[in-house]
Amino acid sequence: METVVEVRGLAKRFGRVWALREVNLAIPRGAICGLLGVNGAGKSTLLRILAGVQRPTCGEVRVAGLPPGRLSKARVAFAPEIDHFYRWMDVGDALEFSASFFGDFDRVRAIELLQLMQLRPASPIDGLSRGLRARLKLVLVLARDADLILLDEPFSGIDPISRDRIMEGLLHGYRASRTTVLLATHLVGEAEALFDRVVFLHNGRVVLDEEAEALRAGSGRSIDEIFREVLA
Amino acid sequence: MRAFWRLCVHELCGLPAYLLCGPAAAAALMLYLTVRRHTLEPDAIFGWAMLALVLLDVLALWLGASVVQREWDSGSVYQLLSLPVSGHAIAGAKLAAALTVALVPAVMLVLGLLGIFWPGGISSFAPPLPFGVGGRYGGPSELIYAYFIFGPSIAKLFQCLNGRAAARHRHLDPLSPALASRRGPYRRLVLRLPLSRSVRLVARRRARSSLSGRHHSFRRRSHLLFRLPASLAGAGRPCRRRAPFLVGRLAFRAPARGVN
C-alpha cells in the first residue's frame, strides 16, 4: 500500500523542551488517521512539521514522497488550531486567496461547502464568530484536492449539531477517497467513528499506532475508553 | 515570480490606509509648498521636502517590520507559511509592499519639487546645511528632525529609568506567561493604586490581553511619546520579539525546498 506520510526518528526541540522524540510513523494513502493525545503531547508540532511550517530538529520526514518544503506544501492542506485569517478580508477574499496559490483548489466544491457551513462570501471575517471562523477554516481545507489534509482541533468552537454534520460530510467525502486525513482532536468519543487508524502521542512519543477497527475488536472497547486508559 | 507578485498585491490590499494617506499627505505638503513658494526661502522648501522623504523612508522600514510583527502576533503567518512559496518570497513581498507605500508619495514629492524649482534648477537652491542645524531656521522641521536624531537616545535613557522602576515593581509587570496568568492579583493591585481612570482602563485592558498571549509591559502614558523613536532604536518593546528577528525567521526558518 502506498504511504503518504513517512516519519522516521523525528524529534523536535524548543529550547530545552523536547516536543517530539523518536517519532516513527507510516500512514497509508486514503486513511483517516486520528492523532490523539493530551495537551502538550506534540500533536500540533507534528502537524506543523508535516505541513512544512516548522523544521524538525532531527529525523526524516516524507510527505507524498517529498521532504516538507515548497513542493510538498502544494500537496498538503493544513488547518492550524489558531485563527490564521486576515481580519481585513471577507469570506470570498479568503477563498480567492487560497485559490490563487493552490492549483488543486476546487471553487465549485468551495461554494457547496460554504452553503453546507452556512457562510456567505460577502461576510467580513472580522465579523464572524469563533465557530464560523472554524467552519471557514474547514471550507478552505476541504475545498482542496490535496494528497494530505492536516486538521488541528478542527471542531473547537463548532456547535454539536454542525459538528455532526461536518463529521458526516468527512466520513462520506473521504472514506473511500485517495486523500489522507490526519486529524488531531480531543473529542475522541465524537470523532472515533471517522478513524481508520489511531496514533496516540504522549510526551512527544508515539505510544500506540494501530488500525482503529483492530484495536476495537481486540480490546472490546471504544477508542475513547482505550484513550483514557492508555493516557490516564 | 507570479506567487511573489500575488503576495505583493495581497500585502498592498492589507494596507489601504497607508496607500491613501501617504499620497494624500504628500499632495497636501506639495500644495502648501507651492502656495507658499514666494514667501518661504527655497532652501526651507527643499528642507521640508527632504524631511518628508526621510520620514517616508523611516515609514517604509517601520511599516515592513510592524507588518511582520503583526503577522506573528495574530497567527496569520501560518497562512503564509503553509503556502507553496519560499520564505524569502514572503518576506520580500512584505518589504516590497512597504517600500511601494513609501515610494508613491516619494515620487510625488520629487515630481512636485521639480515642478516648483524647474525654472531655476534644484542645484542652485541646495543649502549647505539642509535642515538649518546651525540655527539659521527655527520651526517645526528642526523639532521633528531633532526628535528623530535624539529620540532613540532619549528613549534608551527613558527605558533604562523605566526598567529600574519596573524592576522595583516586578509584580506589576505581566511580561512572562507565568506572571500573565496572575490576572486577578495584578488587576486588584493596579486598581488599588492612586492612578487616573484612563490609566486604570489601560492596565485592565493589558491585563486582559496578557491572558490572550500578548504580553505587554505596564508603562505610563508618557511612554507613548517615545514609542516611535524607541522602536527605531529597538528599545520600545522589551518583552516582545524584535521585528528584524521575526523577518529573518520568516525568510530563513521556514523550509523553502526541503529539510532532509
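What share of the contacts in chain B with a separation of 6 or more comes from residues 24 or more positions apart? The share is 79%. The structure examined here is a predicted model.

## Overall build of chain B

Chain B contains eleven helices and zero strands. Its elements, read along the sequence, accordingly follow the pattern α-α-α-α-α-α-α-α-α-α-α.

Chain B has 260 residues, and buried residues make up 30% of them.

## Helix α3 of chain B

Helix α3 of chain B comprises 33 residues, namely residues 42-74. At 1.5 Å a residue, with the step counted one time less than the number of residues, the helix should span 48 Å. The C-alpha atoms at its ends are 47 Å apart, which agrees with that expectation.

After α3(B) comes B:G75. The phi angle of B:G75 is positive, near 90°.

## The contact between chains A and B

How many residues does each chain bring to the contact? Chain A provides 24 residues, and chain B provides 22 residues. On the side of chain A that touches chain B, at least two residues come from each of β4 (58-63), α2 (70-73) and α3 (91-101) of chain A. The element that gives the most to this side is α3(A), with three residues.

Definitions and conventions: Residues numbered from 1 in each chain as written. Chains lettered and ligands numbered in written order. Predicted model: local features only at pLDDT ≥ 70, side-chain atom pairs only at ≥ 80, totals over all residues. Helix = DSSP H or I, 4+ residues; strand = E, 2+ residues; numbered from the N terminus. Buried ≥ 20, exposed ≤ 12 C-beta atoms within 10 Å, placed from the backbone. Contact = placed C-beta atoms within 7 Å.
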